[in-house]
Amino acid sequence: MKNWKLLSVILAMLVFVLAACGSSDEEVKEETKTGSDAQTEEQTDAEESAYPVKIESTIEGYEPVTFEKAPEKIVVFDLGFLDTLTALGVEADGVPTSKYTGELEKYNNDSYTKIGSLKEPDFETIYSLQPDVIFISGRQADFKEQLEEIAPVVFVGTSSEDYWNTFLASTKIAADLFDAQEEVDAKVADIEAAVEEAKTISAEAGKALVTLYSGTLSAYGPDAGSRYGFVHSLLGFESADTALENSTHGQQVDLEYLVKVNPDVVFVVDRTQVSAEEGTVATEEFFNNELVNKTTAAQNGKIIFLDGVNWYVANGGLNTELAKVQEIIDELK
């Protein structure tokens with residue numbers, strides 16, 4: 001009998017020890033699980049901490065827009081910003097009717113909703129898309145209030161008053177909204193490297209004149225306020241005529257003016273590539289004549305015809321800005 005009592009005591013002690021061990025294991029598991037869950041929650045919090053994001057437009061006159069999450073339905077009027085989004089792998093749902101080339105060529109497809117022209121928005125179509133945001137620039141500025149009735153509006157265009165910094169501000173909007181700062185930084189670094197290379201070329205190029213041909217000829221001043229003033233201020237080309245008007249549309253000139261100014265380099269933005277009018281003389285034919293051939297630029301083969309789409313309507317994008325600078329480098333090397 002004593003042996004049975006002793007055996008009962010031993011069994012009871014074993015049960016108690018095993019129960020204690022099981023409890024300890026469960027506590028360890030629970031602690032481990034709690035720690036893992038806490039780490040997951042911290043990661044989720046970190047991911048969500050990017051929002052809300054307050055986005056400032058690239059120019060004054062627009063209220064900041066706060067986004068609680070990344071916009072999904074996107075309407076884009078500014079083709080430079082559309083180029084930036086494309087460079088980052090972000091697609092737009094609505095784009096204007098325009099001529100799309102290069103990286104933007106896919107937007108010629110009818111599968112992308114057309115939201116009017118660059119200067120005349122189709123408000124009904126835009127409303128039907130129920131966008132989360134509408135990105136605009138100068139050509140749509142007069143429609144700002146009407147567009148704001150549909151969705152938040154962000155101005156993403158560049159300013160001729162401060163071209164480079166407004167370009168960087170535009171890329172920052174894309175980086176902040178779509179968590180793409182590293183990609184943006186890398187592409188901006190490529191552009192900056194190309195700018196430095198262009199400066200070494202411009203230092204030896206002589207005096208340059210930037211013109212735009214659209215059936216008639218306009219020339220652009222070298223300072224802030226000029227649509228193409230950055231060719232001088234950023235890329236370093238000396239101006240062939242510092243008295244030229246500094247404006248968005250430039251100053252209308254004739255071929256006799258080219259002979260008088262006699263630039264070493266003439267850059268020609270070919271707007272006919274964007275919207276050629278019936279009866280317009282082909283750009284190269286317009287410059288191939290006895291008068292122009294008297295200029296130093298013509299005699300040295302330095303009349304440079306630039307891509308009209310990139311320079312006139314799709315400027316200010318991560319891909320197009322690099323293409324523009326590289327185009328000058330390639331032509332003048």
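The count of aromatic pairs in this predicted model comes to 15. In one of them, the ring centres of Trp-164 and Phe-167 are 5.3 Å apart and the ring planes stand at 45 degrees, so the pair is tilted. The chain has 333 residues, of which 44% count as buried, and its secondary structure comprises 13 helices and 13 strands.

**Aromatic residues**

- Trp-164 and Phe-167 both belong to helix H5, which covers residues 163–177.
- Because Trp-164 and Phe-167 are three residues apart in H5, about one helical turn separates them.
- Phe-167 has a relative accessibility of 0% and therefore counts as buried.
- One aromatic cluster is formed by Tyr-163, Tyr-220, Tyr-228, Phe-230 and Trp-311.

**Charges over rings**

- Tyr-312 has Arg-139 over its face, at 5.2 Å from the ring centre.
- Tyr-62 has the charged end of Lys-144 over its ring, 5.2 Å from the centre.

**Helix H6**

- Helix H6 runs over residues 181–202 and holds 22 residues.
- The buried residues of H6 are Val-184, Val-188, Ile-191, Ala-194, Val-195, Ala-198, Ile-201 and Ser-202.
- Viewed down the axis of H6, these buried residues fall within an arc of 120 degrees, and therefore they line one face of the helix.
- On the face of H6 turned away from the buried side are the exposed residues Glu-182 and Thr-200.
- The packing partners of the buried residues of H6 are H5 and helix H13, the latter covering 318–332.
- H5, one of these partners, is also the helix that contains Trp-164 and Phe-167.

**Whole chain**

- Among contacts in the chain with a separation of 6 or more, 60% are accounted for by residues 24 or more positions apart.
- The accessible surface of the chain is about 17,700 Å².
- Carbon and sulfur atoms contribute 48% of that accessible surface.

Definitions and conventions
Residues numbered from 1 in each chain as written. Predicted model: local features only at pLDDT ≥ 70, side-chain atom pairs only at ≥ 80, totals over all residues. Heavy atoms only, no water. Helix = DSSP H or I, 4+ residues; strand = E, 2+ residues; numbered from the N terminus. Buried < 20%, exposed > 50% of the residue type's maximum accessible area, 1.4 Å probe, protein only. Contact = heavy atoms within 4.5 Å. Areas by Shrake-Rupley, 256 points an atom, 1.4 Å probe, with all protein chains shown as cover. Phe/Tyr/Trp six-rings, centres within 6.5 Å; stacked < 30°, edge-to-face > 60°. Lys NZ or Arg CZ within 6 Å of the ring centre and 35° of its normal. Expected span 1.5 Å × (residues − 1). Arc of directions from axis to C-beta.
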